[in-house]
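Hello,

Here is the structure for you to look at.

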Amino acid sequence: TDTFSYPAYQLQRSLRKDATGELVYCGDAENGCEDPKGLEGNGNFICMMLRTVKFSLSQLITICEEQGGVGAIIFSDGSVSGAWGAYTKIPAVALTEERGLELIQNFENKEVSIGYRIGDEPEYTYSYYTGTSMATPHVAAVAALVWSHFPQCTNHQIRYALAVSARDAGIDGCDWDYGYGIVQAKKAYNFLNEHGCEKSFGRLSRGGCTTA
């Protein structure tokens, strides 16, 4: 049998565990999500659920869990993000609408698996997330590293050095998706080492792309 793999977002705070079972499409879960084998079922089914305004993520996954599901796959007709999160006792992942509909079409009522591991040693791997929640601690750490070499600089001067030395990404200049670009610790260090703190003060101290 051919094996297919669909990339999915691991929901933050969901149980990190593999799960295997029959894929059951539950729609928006308004009518619940039950084992297709009824009372004779072993509970090993995975809920395929459409996210709408009717239920929160936690409510959707709880419905699946309370009715015997061992895992949940959530898809939406809107945006899907790794920042989606819900405290759950079963593994849960999110798919785009396109992937979700494709999965239903090809694998409804067939055995599927949810896997969170990357490589052979899942306990030593990383999850993939995007957004400011991931970028902020990374940039803050780089700022602290650079500042430790130039403690005489102000926070505004360190920020300016990071901004002007960043590698531009996306559209030219500061933009909504990438800000000033990809932070580069060594280039920021070189900038300050060459120009000093006083040179490193522009009109970039208010945050975002503003120059006011």
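**Disulfides in the model**

Cysteine 33 is buried, with a relative accessible area of 2%. Keep in mind that this is a predicted model. The partner of cysteine 33 is cysteine 26, and the two form a disulfide with sulfur atoms 1.5 Å apart. Cysteine 26 is buried too, at 11% relative accessible area. Both values count as buried because the cut-off is under 20%.

How many disulfides are there by the distance rule? The count comes to three. The other pairs are as follows.

Cysteine 47 is joined to cysteine 64, S to S 2.1 Å. The torsion about their S-S bond is about 90°, so this disulfide is right-handed. Cysteine 47 sits in strand 3 (residues 45–50) and cysteine 64 in helix 1 (residues 57–66), so the pair ties together parts 17 residues apart in sequence. Cysteine 47 is buried, at 0% relative accessible area. Cysteine 64 is buried as well, also with 0%.

Then there is cysteine 153 with cysteine 197. Their sulfur atoms lie 1.9 Å apart, and the two form a disulfide. This link is left-handed, with -80° about the S-S bond. It connects distant parts of the chain, 44 residues apart. Cysteine 153 is in the loop between helix 3 (132–149) and helix 4 (155–165). Cysteine 197 is in helix 5 (residues 185–199). Cysteine 197 counts as buried at 10%.

Best wishes

Note on methods:
Residues numbered from 1 in each chain as written. Predicted model: local features only at pLDDT ≥ 70, side-chain atom pairs only at ≥ 80, totals over all residues. Heavy atoms only, no water. Disulfide = S-S within 2.5 Å. Buried < 20%, exposed > 50% of the residue type's maximum accessible area, 1.4 Å probe, protein only. Helix = DSSP H or I, 4+ residues; strand = E, 2+ residues; numbered from the N terminus.
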